[in-house]
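I am opening my notebook on a structure I have not looked at before. I want to write down what I look up, one topic at a time.

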Amino acid sequence: MQYHDIVIVGGGPAGLAAAIAARKTGISDILILERDNVLGGILNQCIHNGFGLHTFKEELTGPEYAARYIAQVEEEKIPYRLSTIVADITHDRQVTYINREEGLVTIQAGAVILAMGCRERPRGALNTPGYRPAGIYSAGTAQRLMNIEGYLVGREAVILGSGDIGLIMARRMTLEGAKVKVVAEIMPYSGGLKRNIVQCLDDYGIPLKLSHTVVDIHGKDRLTGVTIAEVDENKNPIPGTEEYYSCDTLLLSVGLIPENELSKGAGISLNRVTSGPNVNDRLETEAEGIYACGNVLHVHDLVDFVSQEAALAGENAAEYVKRKAALAGERNAAETAPAEKNAAAAAESEEDERPGYAEPDRHTIPLVAADGVRYTVPQFLETSGMRDTVTVRFRVADVYKDRYISVYYDDQLISRKKKKVLAPGEMEQVVLTKKSLAGYPHMKRITIRTEVE
Amino acid sequence: MSKQQYDTDVAVIGGGVTGCAVARELSRYDLKICLLERTEDVCSGTSKANSAIIHAGYDAAAGSLMAKMNVEGNRLMDRLAADLDIPFRRNGSLVLCFSEEDMPGLQALYVRGVTNGVPGLRVLSGDEARQMEPNLTDEVVAALYAPTGGIVCPFNMTIALAENACENGVEFRFLTEVTEIRRSGEGYELTVREAEPSGAGAVRTISARFVVNAAGVYADRFHNMVSRRRISITPRRGTYCLLDQEAGRHVDKTIFQLPGKYGKGILVTPTVHGNLLIGPTAADIGDKEGTCTTAEELAEVTAKSARGVKNIPYRQVITSFAGLRAHEAGHEFILGEPEDAPGFFDAAGIESPGLSSAPAIGVYLAEMIARKSGAPAKEHFIATRKGIPHVAAMDREARAALIAERPDYGTIVCRCENVSEGEIVDSIRRPLGARSLDGIKRRVRQGMGRCQAGFCTPRTMEILSRETGIPMEKICKNQPGSEMITGEA
């Protein structure tokens with residue numbers, strides 16, 4: 001069986017940033033496996049600008065942002081395989097992939113980085129009644145058809161869901177000469193970034209109807225129209241509010257789902273809220289040596305944060321591989337040593353069999369999301385191997401004005417920060433320092449919550 | 001008197017499972033056979049949207065054609081599935097009884113089943129049933145267990161029958177709608193409109209010695225063109241929800257509910273491909289094209305299914321759909337010649353258990369027509385057919401060998417269902433190959449998974465265009481009019 005120090009599943013923004021960071025941390029034997037026929041992932045179809053403001057302090061398009069990372073991967077001569085699908089990952093890091101040149105290949109990986117990204121929630125998951133004609137696309141599929149393949153998906157469109165891809169596609173279709181009649185959003189607020197609502201809808205006079213959804217789909221062959229209705233606070237359509245819109249296209253931007261089928265196959269449990277793996281502060285999943293980053297871990301708003309997170313996963317995976325190598329070296333040395341030392345080595349080896357981050361003095365502290373905070377990534381902190389600072393990312397459950405984001409160590413308030421507006425469409429973060437944990441050796445939990453006062 | 005000349009010996013109207021089964025069985029005989037299908041592919045109507053079940057045969061009234069065809073069709077399935085490489089599994093079925101007062105109904109079903117010749121029936125206590133299916137609710141007081149109940153891929157069953165018929169010489173004409181049938185001498189003259197992808201349809205006539213009317217919800221229309229003994233078929237809509245394969249092991253057997261004071265129940269079943277399927281509702285509607293789902297019927301599916309099976313993970317619904325059963329007022333299959341229309345063979349009123357009965361109906365009508373025509377059996381009937389390899393289900397060595405031989409089996413296009421480019425290419429290149437995205441989906445399950453073709457649509461369109469020469473702008477979801485794109489950006 002082939003061996004590679006680090007195998008990265010996915011060559012999108014997360015996989016690329018992880019690979020580069022791992023290389024810079026001193027691991028040379030890296031392999032990126034990418035299912036598409038180019039690196040860059042979904043960025044390739046995001047031809048609009050707005051990427052990279054945090055990372056490069058300038059506004060790039062998706063392909064430009066990807067190109068900068070791809071250039072580094074090429075420069076560092078990090079190997080990758082394209083048009084390659086990973087079929088299976090085991091708990092002990094055997095990765096099986098398939099492509100047309102090599103057929104089926106199984107690799108033993110020192111560490112694995114999961115960077116598979118996410119998929120769009122389809123119409124079927126909404127259980128929207130009506131017919132099933134052509135002309136109903138998830139926004140990302142339409143985006144690919146338009147921006148990569150060069151085809152118009154329709155002339156008159158209604159968009160359901162105000163996620164960022166939906167908003168971007170409203171503008172994109174308008175620019176291609178299509179008429180976008182309305183964007184309907186079932187929630188009383190948009191799931192997208194504020195700047196996208198302004199730049200993609202407001203600037204083009206496209207109405208955004210909050211608390212509205214599609215209640216019927218018309219047309220047997222190609223879509224001929226949809227019926228939209230207002231919904232009550234329980235998201236049930238209000239009779240009498242139905243409005244018919246003729247259109248040949250319905251785009252859905254109704255949520256993204258991390259693609260964790262492989263993670264599940266490896267026996268990694270998923271978080272109910274994020275649909276991504278539960279990870280510690282090193283972004284290591286329950287399976288030792290398997291790390292996760294980017295949209296497979298939790299859906300991000302900005303690619304810059306994906307890159308940051310992925311770089312951290314890359315560094316940690318690299319350190320893990322190095323530490324294992326060092327440990328193996330010690331063990332080899334111990335084989336010739338007296339019996340006493342041998343026993344110690346055996347104990348250490350047992351320690352290694354435990355799932356999770358293998359440190360003898362580990363102290364695992366769960367991070368708890370409460371009072372309007374929906375989740376946190378990471379979900380656990382392990383003080384022993386902790387870096388000086390840990391960035392905790394999360395989203396809130398609703399639109400909140402003038403609230404604090406507070407951090408508690410057990411019942412002790414550690415920090416609070418006032419935010420004028422908090423919205424589910426924007427990712428939030430707090431930074432925990434290792435220093436601040438020093439006085440709490442027996443802490444049971446860290447809680448992150450929103451507070452009114 | 002000189003012998004009348006016909007364009008074809010037998011014209012079969014309708015490329016659903018019934019029409020394809022009749023065509024396949026007829027192709028055993030020395031006959032010229034032509035199957036006329038209105039849409040671009042076989043399996044485009046009732047056959048594509050149903051419970052995907054091979055019923056055991058205890059439901060239909062004793063002595064009815066329905067009972068006879070169901071039990072015989074069920075019996076034929078093992079051989080047919082083996083011969084034609086059809087995904088089929090005898091998972092067994094349970095009919096749930098929820099109250100002591102309904103017990104006589106369950107007993108009656110048992111007795112009817114025994115009378116109909118259904119093997120192995122047993123009445124189980126609630127606890128025995130729960131032991132068999134741990135996710136049954138505590139409301140279940142008893143159940144009828146039928147070990148011969150099965151699940152099948154209705155698409156591949158229909159397609160397999162069609163491909164095998166084609167290989168045995170049956171001519172398939174797609175996008176060919178029969179608009180009129182007239183008696184002509186001893187035979188019939190059919191007027192057909194051939195839809196061109198451009199929409200400009202050519203009108204032609206086809207003369208046939210015999211006609212088989214397997215037109216599903218439209219069978220009454222054709223029957224009534226030639227017979228004064230009128231029949232009336234009401235489309236009875238059934239709405240279903242399909243759940244992710246993660247939910248596919250929630251039950252192992254097909255779980256029916258005994259019709260009781262709460263009306264006809266909803267079934268919960270695994271599919272042969274490992275999804276979970278729940279449905280159907282039953283709503284009589286006027287529109288023979290009314291395959292839309294409604295909020296009410298979708299809600300009914302959810303609400304009623306929960307009665308017999310607990311903890312169904314409704315969050316994992318990946319799609320919902322509705323199909324139309326061809327319900328005839330007498331609730332009986334109409335098979336054979338009307339008294340006043342010799343040579344015209346009905347296969348009408350084929351509602352549930354139509355899929356289960358199709359193999360038997362095929363044999364029944366083919367034998368009838370063969371007898372009447374005097375056509376001898378062919379010497380070289382090809383009885384078997386091999387399906388498209390499902391590469392992901394193969395063991396490692398076989399899969400590797402196949403990829404070495406055909407590298408496009410190594411390029412996965414549909415990542416949810418693990419469908420390779422090679423399989424998609426096969427689905428197009430085969431006899432009666434797919435000409436639409438739905439056609440590909442029904443043959444190899446591309447786009448059938450949890451992302452519902454989100455990722456693989458563009459690539460599949462490209463492959464279809466490349467393989468058939470159909471320009472991208474003309475690539476359709478199914479029949480002309482369902483074009484996927486409207487032009488170049």
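**Entry: the model.** I note at the outset that this is a predicted model, and I read everything that follows with that in mind.

**Entry: a sheet in chain A.** I looked up how the strands are arranged and found an open sheet of five strands in chain A, in the order 22-21-27-24-25, with mixed pairing. At its edges I find strand 22 (380-382) and strand 25 (412-422) of chain A, each of which pairs on one side only. From one strand to the next, the twist averages 20 degrees. I then followed one pairing in detail: strand 24 (residues 400-409) of chain A runs antiparallel to strand 25 of chain A, and nine bridges join the two. One point I can locate by residue is A:Y408, whose bridge partner in strand 25 of chain A is A:L413.

**Entry: two helices in chain A.** I next turned to helix 1 (residues 13-24) and helix 8 (residues 303-334) of chain A, which pack at an angle of about 40 degrees with their axes 7 Å apart. Because of that angle, helix 1 of chain A is oblique to helix 8 of chain A, and I recorded the crossing of the two as right-handed. On the side of helix 1 of chain A, the residues that meet helix 8 of chain A include A:P13, A:A14, A:A17 and A:I20, while helix 8 of chain A brings residues including A:V303, A:S307, A:G314 and A:E315. Sorted by class, this contact of helix 1 with helix 8 of chain A has 15 nonpolar, two polar and one charged residues.

**Entry: where chain A touches chain B.** How many residues does the contact take from each chain? I find 40 residues from chain A and 42 residues from chain B. Among the elements that give two or more residues to the side of chain A are strand 8 (103-114), helix 4 (139-149) and strand 11 (151-152) of chain A. Helix 4 of chain A supplies the largest share of that side, six residues. The residues on the chain A side divide into 15 nonpolar, 11 polar and 14 charged.

**Entry: backbone details.** In general, most residues other than glycine have a negative phi, and most peptide bonds are trans. The bond from A:V377 to A:P378 is cis, with omega near 5 degrees, and A:P378 sits in the loop between strand 21 (364-370) and strand 22 of chain A. In chain B, a cis peptide bond joins B:S352 and B:P353, with omega about 5 degrees.

Technical notes. Residues numbered from 1 in each chain as written. Chains lettered and ligands numbered in written order. Predicted model: local features only at pLDDT ≥ 70, side-chain atom pairs only at ≥ 80, totals over all residues. Pairing = 2+ DSSP bridges. Helix = DSSP H or I, 4+ residues; strand = E, 2+ residues; numbered from the N terminus. Axes fitted to C-alpha atoms, helices over the stretch in contact; angles between N-to-C directions. Parallel < 35°, antiparallel > 145°, perpendicular 65-115°, else oblique. Left-handed = near helix turned anticlockwise from the far one by under 90°. Contact = placed C-beta atoms within 7 Å. Nonpolar A, V, L, I, M, F, W, Y, C, P; charged D, E, K, R; others polar.
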